[in-house]
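Open the model in your viewer and keep the selection tool at hand. The tour goes from one selection to the next and says what is there.

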Amino acid sequence: MNTTVVNSSELELSKSGTKRFSMDWKVYRSLFALIILMAVLTFLTEGTFLSSRNLTNLTRQVAINGILAIGMTYVILIGGIDLSVGSVVALSGVVAGVLQVNYGLAQWTESQAILGAGLSIFAAMMVGVVCGTFNGFMITRFRIAPFIITLGMMVIARGLALIFANGAAIAPLGDAFNFLGQQYLSPTTSIFVVSGVGALVMIQSLLKKGKSASDYVFMGFTVLMTGAMLYTFLGYRGLPIPVLIFGAFGIAGILILQKTRLGRFVLAIGGNPEAAWLAGVPIRKITFGIYVVLGALAGLSGAILSARLNGALPTAGELFELDAIAAVVIGGTSLLGGIGTVRGSILGAFFIGSLNNGMSLMDVSEFYQKVIKGVIIIFAVWFDTRQSKSK
Amino acid sequence: MELKKELLLDLRNITKTFPGTRALDGVNLQVHAGEIAALVGENGAGKSTLMKILSGVWPEGSFEGEIYVSGRKQNFEDTRQAHAAGIAMIHQELSVFSELSVAEHLELDHLPGWINWRELHSRTQKFLDTLGLGLQSTTRVGDLSVGGRQLVEIARALYRDARVIVFDEPTSALTEQEVVRLYTIVERLRSEGRALIYITHRMDEIFRLADRMIVLRDGKNAGELSATNSQGQRLSRAELEPQLITWMVGRSIQDIYPVKNTKFGDELLRVEKLTLRSPKGKVLVQNLSFSLKAGEVLGLGGLLGAGRSETFEAIFGMLHGSGPRGAGFEVSGNVWVKGKRKDLNTPKDAMNARMAFVSEDRKGSGLVLGQSIRSNMSLPSLVAGRAGLARGYGLAAQVLPDREVKETGRWAKELRVKSSNLDQAVGELSGGNQQKVVLAKWLMTEPEILFLDEPTRGIDVGAKVEIYQWIQKLASQGMGILLASSEMPELLGLCHRILVLRQGSLSAELGADRATQEDMMRAASL
């Protein structure tokens with residue numbers, strides 16, 4: 001016989017299957033950091049921080065940065081960056097404002113009011129889509145670094161916002177439009193929505209075969225979160241509309257990344273574009289699409305922000321891009337791409353939001369707030385990288 | 001030969017433990033002046049760890065054992081002290097700074113704070129002239145080829161007058177001409193009385209250069225062979241190789257190459273007049289035509305840069321404008337798959353035509369190193385919709401984790417991927433196991449035509465043999481296999497026919513039964 005003798009007993013056979021009782025501590029690390037921060041803030045504000053009213057406000061403040069952070073997570077995961085979101089928020093808000101005030105959509109009444117509001121919101125999103133399309137097109141077609149393109153877009157969109165608004169605030173906007181940023185679901189509806197989502201997540205987890213330790217922790221966490229949300233929203237005025245939108249996008253963002261083919265492709269592109277391409281992943285299409293979606297989310301955020309303020313400011317949304325990037329990074333996503341989660345970014349957005357909210361409650365001057373926030377962001381990321389290295 | 005030469009390097013009883021493993025266990029290594037000692041062993045045998053200890057990367061105190069250079073005991077605290085003792089490493093991945101000049105590289109360790117450029121260049125150029133390697137002190141290192149950069153590293157070692165020089169896989173990225181030049185240099189260094197340690201996976205190099213072969217296995221000395229017999233005559237490869245391989249893998253392997261498949265089927269692939277131009281207009285592949293039958297292993301040989309990989313990339317759609325290599329590549333020619341003409345623009349098109357491509361560069365285009373074995377294995381099947389890994393259509397299709405674990409687990413077992421579990425990052429695996437993951441991920445897509453580009457580069461003998469067996473097994477199952485390799489024995493041992501390329505065009509087609517390495521060499525270089 002000419003064949004080779006390979007003694008299989010000498011070769012260690014691999015154990016198939018996944019880790020059963022291991023925990024994904026990285027996710028919970030962000031969570032613990034958030035809980036510690038909230039505890040400290042509660043202590044420093046003598047409990048005010050934990051009141052239903054304040055927590056509701058906190059979620060309202062977090063909603064916009066959270067929506068941006070969800071989209072930003074995908075952009076960073078594919079190895080990109082988008083610095084233009086803050087300016088796009090302003091530009092789209094201004095466009096919605098111009099429609100509302102200069103074109104008189106705010107004066108429309110009855111059922112037309114809803115149409116007017118819808119048109120304004122749609123226009124805001126379209127502005128975002130156009131900006132995102134520009135970013136995505138330049139990045140995929142001409143292979144210019146995303147940092148440069150979106151930096152340019154950041155300046156262009158800010159300039160356009162100032163031009164359209166003539167450099168001044170546009171106000172007041174219509175009540176139907178403001179609903180998007182200011183209103184709440186009624187407490188009864190809120191109970192249904194919050195506990196419905198909580199129940200769905202629980203059922204999914206319970207149906208999963210071969211539960212690991214982290215699955216049980218996750219179920220406990222779900223119960224806890226549902227309870228916390230009911231306490232927050234029922235103790236005040238119900239579920240704020242921006243938070244409802246944030247939640248919907250958050251769930252979608254998590255599911256797409258975890259469960260779908262697209263999610264796998266996104267992680268592969270960020271991890272190694274050459275290998276992803278060779279394996280047949282349509283890199284250009286996905287990259288382009290992700291910038292467009294982030295643009296649309298920025299447009300929607302612009303509409304929500306101007307609705308919340310009852311006015312469109314061309315200077316709104318300044319440094320929003322940095323808050324979104326910070327949220328993503330605090331949530332454990334690698335700036336190099338390929339590694340990260342949407343739920344981490346959501347926690348990151350709450351981390352930054354709590355910091356802002358808590359310091360305002362304590363009457364820390366805004367100048368000092370910036371310094372403290374910067375220091376804490378650096379510390380959080382340093383701690384995170386140190387932890388991952390030591391693993 | 002009768003004179004006992006000076007013992008330049010003596011490593012005694014080196015033991016190094018990492019948490020959980022003993023990387024080195026009482027290893028001894030002696031190298032004399034004017035000697036080339038080949039250090040051989042599979043990946044993970046402890047070669048790199050031993051060299052890190054020798055070069056001071058692992059400082060005194062982090063290991064047990066003693067290092068003697070020219071009879072004096074050394075205690076290296078860092079790499080600088082190893083340099084000072086006359087030890088130099090020529091690394092596999094060259095650690096050069098592409099913006100710096102050759103002169104700056106030579107004096108990198110002791111560049112003065114204020115540089116007198118004229119003096120620096122005249123000083124270093126004078127030295128370079130004595131070497132006769134054709135290096136200019138003012139050349140920017142980034143402008144040199146890989147071979148040229150390696151010469152800079154060698155020059156740097158000689159500039160310090162290193163007496164012990166370690167070559168770590170020096171030929172893995174060189175062209176044939178550069179390899180020949182390197183051999184001459186290595187032999188010259190030997191004749192100058194330096195002690196050389198040569199690490200390589202390529203057997204032909206070992207038998208050509210080494211005076212002595214030291215085999216490591218599992219962190220221990222497995223054996224040692226002299227290349228000459230007691231009369232001072234050089235022994236042949238056939239006399240040395242079986243013993244060497246037995247020591248390396250810990251078992252005897254009668255024949256590395258399994259029996260070739262003999263059942264052929266219908267034509268699977270026909271390529272006509274394939275031509276590829278680079279964005280700068282350079283012709284990389286010219287008018288290449290061939291056909292491949294089911295069950296056939298067709299070899300693609302030729303020197304580095306002859307267009308082997310480029311042929312694969314062009315057929316597989318790698319060079320389409322929407323890929324990461326960018327626009328500008330021009331591909332022309334016709335491809336028939338099972339008698340049907342196909343336009344293969346992107347890798348996805350090729351995958352839909354039941355092709356698979358195990359690329360040359362595992363780290364570059366083969367694997368997502370930071371991700372798990374499972375994600376890596378399932379990626380192409382998810383794209384192509386094979387193995388039932390996803391439910392639904394398009395990008396929103398849901399990945400089925402249970403099914404994924406089952407399928408990837410099955411393939412990991414089939415190919416004997418050694419890992420702690422499927423969620424382990426592929427970057428943590430050895431080269432051989434990484435290559436098995438690449439092979440598994442493509443076999444999962446149920447291909448009919450398989451492109452293998454240097455499938456055994458940089459992997460150890462055990463894994464090599466397993467891959468050879470897989471090649472024949474797949475061929476006997478009716479797969480058509482295109483195999484590109486720079487190792488001629490590999491092509492002769494595995495293929496039915498061999499196409500030899502030269503500067504992008506077909507230079508000869510050889511039947512592997514009668515062809516010899518000389519035939520291939522002649523056709524490749526002519």
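Into which domains is chain B divided? Select chain B and colour three parts of chain B: domain 1 (7-95 + 162-249), domain 2 (265-354 + 449-459 + 480-526) and domain 3 (365-446). Keep in mind throughout that this is a predicted model.

**Stop 1: domains 1 and 2 of chain B**

Show domain 1 of chain B and domain 2 of chain B together. Their centres, taken over C-alpha atoms, are separated by 36 Å. Where the two touch, domain 1 of chain B gives five residues and domain 2 of chain B gives five residues. On the side of domain 1 of chain B that touches domain 2 of chain B there are no nonpolar residues, four polar and one charged.

**Stop 2: two helices in chain B**

Select residues 431-443 of chain B, which form helix H14, and residues 461-476 of chain B, which form helix H15. At what angle do H14 and H15 of chain B pack? The angle is about 20°, and the axes are 9 Å apart. An angle under 35 degrees counts as roughly parallel, so H14(B) and H15(B) are roughly parallel to each other. The crossing in which H14(B) passes H15(B) is left-handed.

Now show the side chains at this contact. From H14(B), pick Gly432(B), Gln435(B), Lys436(B) and Leu439(B). They meet Gly462(B), Ala463(B), Ile467(B) and Trp470(B) in H15(B). Sorted by class, the contact of H14(B) with H15(B) has four nonpolar residues, three polar and one charged.

**Stop 3: chain A as a whole**

Hide chain B and select chain A. How many helices and strands are there in chain A? Chain A has 15 helices and zero strands. The C-alpha trace of chain A spans about 90 × 55 × 45 Å along its principal axes.

**Stop 4: the domains of chain A**

Colour domain 1 (25-183 + 240-390) and domain 2 (185-239) of chain A separately. Their C-alpha centres lie 24 Å apart. The contact takes eight residues from domain 1 of chain A and eight residues from domain 2 of chain A. On the domain 1 side of this contact, H2 and helix H9 (241-259) of chain A each supply at least two residues. The largest share of that side, five residues, comes from H2(A). By class, the domain 1 side has four nonpolar, three polar and one charged residues.

**Stop 5**

**Stop 6: where the chains touch**

Bring chain B back. The contact takes 39 residues from chain A and 51 residues from chain B. On the chain A side, helix H10 (261-271), helix H11 (273-278) and H12 are the elements that give two or more residues. H10(A) gives the most to that side, with six residues. The side of chain A that touches chain B has 16 nonpolar, 13 polar and 10 charged residues.

Definitions and conventions:
Residues are numbered from 1 along each chain as its sequence is written. Chains are lettered from A and ligands numbered from 1 in the order in which they are written. This is a predicted model: local features need pLDDT of at least 70, side-chain atom pairs count only at pLDDT 80 or more; totals for chains, interfaces and linings use all residues. Axes are lines fitted to C-alpha atoms, for helices over the stretch in contact, and angles run from 0 to 180 degrees between N-to-C directions. Helices (H or I, at least four residues) and strands (E, at least two) are DSSP runs, numbered from the N terminus. Angles under 35 degrees count as roughly parallel, over 145 as roughly antiparallel, 65 to 115 as roughly perpendicular and the rest as oblique. A crossing is left-handed if the near helix is turned anticlockwise from the far one by less than a right angle, and right-handed if clockwise. Two residues are in contact if their C-beta atoms, placed from the backbone, lie within 7 Å. Ala, Val, Leu, Ile, Met, Phe, Trp, Tyr, Cys and Pro count as nonpolar, Asp, Glu, Lys and Arg as charged, and the others, Gly among them, as polar. Domain bounds come from an automatic or database domain assignment.
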